[in-house]
Amino acid sequence: MELYKTDGLTIGYKKTFGETILGENFELRLSKGEMVCVLGPNGVGKSTLLKTMAGLHTPLMGKAYLMGMDVHGLRKDQLARKVAVVLTERIDAVSMTGFEFVSLGRYPYTGGLGKLRERDINVVLKVMRETGTIEFRDIAVGKLSDGERQKVLVARALAQEPVLLILDEPMIFLDITRKFELFQMLRTLSVQKKMSILLSTHDIDTALRFADRLWLFGSEKKITAGSPEDLMLKKAVHDLFKDPLIQYDKTNGCFLQKPQFIKKAYLVGEEDYIYWTRRVLERKGFAVSLNQSDGTLKVQVQLEDGLPVWKVVYQDGRNVFHSLLEMGDFLEMIREDCLKN
Amino acid sequence: MIALLFLLLFLFVNSLVFGSVPLSFSDVIGLLLFQEPRNLEVSTIILQFRLPRSATAVLAGVALSLSGLLMQTFFKNPLAGPYVLGINSGASFGVALIIFCGSLFPLGFFFSGVTRIAAAFLGAVFVFVLVFMISERLKNKMTLLIVGIMIGYFTSGLVSLLIFFSRASEIQSFLFWTFGSFRGVGFNQLAYFLPSVIVGVLFALWAIKPMNSLLLGEDYAASMGVDIKATKKKIILSGSILTGTTTAFCGPIAFLGIAVPHLCRWFFHTSNHRVLFPAVILMGADIALLAEIIAQLPGSGLTLPLNAVTALLGAPVVIWVIFFKKNI
């Protein structure tokens, strides 16, 4: 079922003279219970897109409809019961308990002085349990860690009982474990509550795994929408980051920094040690070659009395190392030599 | 909170006791309980001089502290306050203009309470809106304070110019007023002061719900359904009424507005306005009374300038905020 659609939506900023257009004529669709990730390079206008769709920013042209209602014409408190946001602004100066903070989300439902009624309290406690933030009930939000605070922010948004949750880079500042935890939580919410989730992220890997749909916001002011897999096969994600320094690793489905090699090296030896030895070589600027005659450098890994030994032949000199750190230092010297010539 | 209320009663009674003519507790309490006074002189001192003075202190404390809270949330700046941002000075300029114009055009109504309040209010609104417009352009919190201080200097400069072109009698009355005092207000002026403060407090009460959301920033607040523009208008109106009228009657009083909200946040460990609002009202009244009692230097017969006392009480609080609060 279609929940949200945009009609010729043009986003950007009005300036004193003229305007800055970040994206033109967007025709975007969002279904109920769907999780959509917006990907794109920095500064392309992802935040502006999300804020415009959330009704916090006025579009330069075009309309956005939520369940058939004009988002920017709707009364603010009406909209707040349908759409909630988690933004990138830091909020750590606030000294409120977890409960007080989450109950701010009841704003569109409470009366003139903001007093919570029984139903409001129940909703707050419910979303705090669902997000695993109930333990922060009486703890000052400023004292929580980044990951915990992010969950409290999501809980506050959920207290608005939205049909659409919009998150701007919710995983920034989070370590890998917290990242997955948060994504898993959002996924569960979208499935259980039939809530649509729209989020922007730089974490391509995670987005590819969890999102139902990707919106690729490129630097040409256009958005390409599609399922992650289709977009990967079409190399659309690849095209998004047209950086000569970045290359896409097809086998692992992730992006890597394209190495800048200056020399080639031939590598043989114990299978268990090959991978990490190769990593050192590549970091120091040596492309690993499988052709013996090819390399400026020959590296051999052997086990002697159960311990690894690296033998490096360079310009007829033979060098023996007992750790990759030592070998790395040696490679650094060679590289500096090569760069000088 | 109840402790603050009792403290308020205690200080209020005390403030009636201390003054240039020493009285006893039994005099004051007896009079408050409608007993026959010791002599007519005592009842005159208490009713005609000290009661209005204490009432003024309470109202001024409430008004300045509350407008300090409003401004700190409004500008998202812990060092904001009516004095620091020059709102006081704006009101002063309005009043100065009225006092000196009054001498040029000797019309009686210029001196009435209403004109004075109106002039102070307009001066306060003008500076508040000016500072607000500048704050929209400058995102740096420190710059805002510097701008506020500069606006303060600028209006003081204008006031000095007015003084330069005035007669000695007006200068004296104006200079006396700039020292800041709770003593110049009688019952007939309280009749204007009290309702204005009540109106200001009611406007602030109206903004209490959105102010909690504003703590998260304007975008978050808007996403929760806060009408940002309407809320800003309420806060500017309320802050200007409270600061303006207080300045009109008591002169520019320093540090109450900036310090009291911090004392309350520290005391109650919260930035929730539903708690802070009553706390700031009570604490503001308490501190103002305390400052007035200290200014009387009980037992000495001397009277200190009020602003010296509020500065001695308030400035350490501000320094404490700068030192121990992150994210200023």
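A: A crossing is left-handed if the near helix is turned anticlockwise from the far one by less than a right angle, and right-handed if clockwise. This is a predicted model: local features need pLDDT of at least 70, side-chain atom pairs need pLDDT 80 or more, and totals for chains, interfaces and linings use all residues. Residues are numbered from 1 along each chain as written, with chains lettered from A and ligands numbered from 1 in written order.

Q: Which hand has the crossing of H3(B) and H8(B)?
A: Left-handed. Helices here are DSSP runs (H or I, at least four residues; strands are E, at least two), numbered from the N terminus.

Q: What describes two packed helices?
A: The angle between their axes and the distance between the axes. Axes are lines fitted to C-alpha atoms, for helices over the stretch in contact; angles run from 0 to 180 degrees between N-to-C directions. H3(B), residues 40-74, and H8(B), residues 187-206, pack at about 25 degrees, axes 10 Å apart. They are therefore roughly parallel (under 35 degrees; over 145 is roughly antiparallel, 65 to 115 roughly perpendicular, the rest oblique).

Q: Which residues of H3(B) and H8(B) make the contact?
A: Contact means C-beta atoms, placed from the backbone, within 7 Å. Among them are B:Leu59 and B:Leu66 of H3(B), and B:Phe193 and B:Val197 of H8(B).

Q: At what angle do H13(B) and H14(B) cross?
A: Roughly 125 degrees, with axes coming within 9 Å. The pair is therefore oblique. H13(B) passes H14(B) in a right-handed crossing.

Q: How many residues does each chain give to the contact of chains A and B?
A: Chain A gives 26 and chain B 22. H2(A) supplies the largest share of chain A's side, four residues.

Methods:
Contact = placed C-beta atoms within 7 Å.
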